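Colleague: I am new to this structure and would be grateful for a guided discussion. Could we proceed by question and answer?

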Amino acid sequence: MRVGVLTGGGDCPGLNAVIRGLVRKAERVYGDEVIGFLDGYLGLLEDRWIPLDVEACRGILPRGGTIIGTTRHTPYMVEGGVEIVKETLARHDIEALVVIGGEGTLSCANRLHEEGVPIVGIPKTIDNDVGGTEMTFGFDTAVQIATDAIDRLHTTAESHNRVMVVEVMGRHVGHIATWAGIAGGATVTLVPEEPFDIQAVCDSLVRRHERGRFASIVVVAEGAVPAEGTMTVPEPTVDEYGHQRLGGIVNVVASEIEARTGFETRVTVLGHVQRGGTPTAFDRVLSTWYGVSAMEAAHDRDFGTMVALRNGEVVRAPLAESIAELKYTHPDLLDAMRTFFS
Ligand code: F6P
């Protein structure tokens, strides 16, 4: 059997480990062949690809990014795109296409599956917001990077008696903010799930500083939103795919904190640092497990499914069900986090 694979959307640590896992299973266990379409769905549209075998995957387990490139391009952006995709697959005798992506890439995969393309999905994103799975790979690495950064910010904040406001990724959900906020001992963490009141944030900082602490860490998810009528934030710009470019809310939050409390405040935007570099051991294992399991699903021709982590094991779940809704931060975890707010 010949299998195609592509990576779509924002990159994330663990993509190469997934590719390595599925190629190993394909070649060594099934005797199948894998080719990697370059730059996401664009490679399918433009018929650009590379052969992927065990040899080609040597050394990529700890490497961040994706050796086959990624874009947010979809076949639905092009007139007749779906037909082009089908023609490309037929030209290369591809009987199964493994699509590794987040919400946008997997929604497109589901549409393609409904139009007859034989697809198996693998959920990825540092944001961890894909429904149907307890965890996407890349998330653990991002949390570790953000936590390390917060640990470093503590010491400089304490030396200068400052409030350090740090922005982490998370456009619709606050998984990274919540986990890194708890792990890093943040004073306040702002997540997209719960609109925040900037005055309440300031009151909390003042209470803490009145009790004798003069340094604080405020974690802000890039998608955090102020409660209506409390604060004005700039409109996000949009990229060539109509994807909102977030990032920057932290500047408004920081200047409001400084203006309302008088505490000296500094900003750190972690940005794409959270997405780059080597995956943690956990992400390497999860990625490998996903890759091997997706190859099993492809070989079984169990199309329209996505591999997912549920109750500690990797299972197959219907793609449509998994992308039906975003996975929000568990309210109990948000409660646990709030226990530490002043
Ligand atoms: O992959 C998800 C994500 O990391 C979001 O949290 C972030 O808003 C977005 O990607 C930024 O992606 P890019 O800058 O690559 O368009």
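Colleague: In this predicted model, at what angle do helix α5 and helix α6 pack, and how is that arrangement classed?
Modeller: Helix α5 covers residues 139–160 and helix α6 covers residues 175–183. Their axes lie 9 Å apart and meet at an angle of about 45°. Angles under 35 degrees count as roughly parallel and those from 65 to 115 as roughly perpendicular, so α5 is classed relative to α6 as oblique.

Colleague: Which residues of α6 meet α5, and what is the handedness of the crossing?
Modeller: From α5, the residues involved are F139, A142, V143, A146, T147 and I150. Their partners in α6 are H175, I176, W179, A180, G181 and A183. The crossing of these two helices, α5 and α6, is right-handed.

Colleague: How many residues of the contact of α5 with α6 are charged?
Modeller: The residues of this contact divide by class into nine nonpolar and three polar. The number of charged residues is given as none: no charged.

Colleague: How far apart are the axes of helix α1 and helix α9?
Modeller: Helix α1 spans residues 15–30, and helix α9 spans residues 281–299. They pack at an angle of about 45°, which means that α1 is oblique to α9. Helix α1 passes α9 in a right-handed crossing, and the distance between the axes is 7 Å.

Colleague: Which residues make the contact of α1 with α9, and how many of them are charged?
Modeller: On the α1 side are A17, V18, R20, G21, L22, K25, A26 and Y30. On the α9 side are R284, S287, T288, G291, V292, M295, E296 and H299. By class, seven are nonpolar and five polar, and the number charged is four.

Colleague: Is the crossing of α7 and α8 left-handed or right-handed?
Modeller: Helix α7 (residues 198–210) and helix α8 (residues 249–261) have axes 10 Å apart, at an angle of about 55°. That value makes α7 oblique to α8. The handedness of the crossing is right-handed.

Colleague: Which residues of α8 take part in the contact with α7?
Modeller: Helix α7 contributes I198, Q199, V201, C202, L205 and V206. The contact as a whole divides into seven nonpolar, two polar and two charged residues. The residues from α8 are V253, E256, I257, R260 and T261.

Colleague: How much space lies in the largest pocket, and which residues lie nearest its centre?
Modeller: The space in the largest pocket is about 830 Å³. Its lining has 38 residues, with nine nonpolar, 17 polar and twelve charged. Nearest the centre lie G10, R72, R171, H243 and R275.

Colleague: Which element gives the most to the lining of the largest pocket?
Modeller: The elements giving two or more residues to this lining are α4 (103–114), β6 (163–168) and β10 (244–245). With three residues, the element that gives the most is α4.

Conventions:
Residues numbered from 1 in each chain as written. Predicted model: local features only at pLDDT ≥ 70, side-chain atom pairs only at ≥ 80, totals over all residues. Heavy atoms only, no water. Axes fitted to C-alpha atoms, helices over the stretch in contact; angles between N-to-C directions. Helix = DSSP H or I, 4+ residues; strand = E, 2+ residues; numbered from the N terminus. Parallel < 35°, antiparallel > 145°, perpendicular 65-115°, else oblique. Left-handed = near helix turned anticlockwise from the far one by under 90°. Contact = heavy atoms within 4.5 Å. Nonpolar A, V, L, I, M, F, W, Y, C, P; charged D, E, K, R; others polar. 1 Å grid on protein atoms, 1.4 Å probe; cavity = no way out; pocket = protein on both sides within 12 Å on 5 of 7 lines; lining within 4 Å. Points joined across faces, edges and corners; volume = space filled by probe spheres on them.
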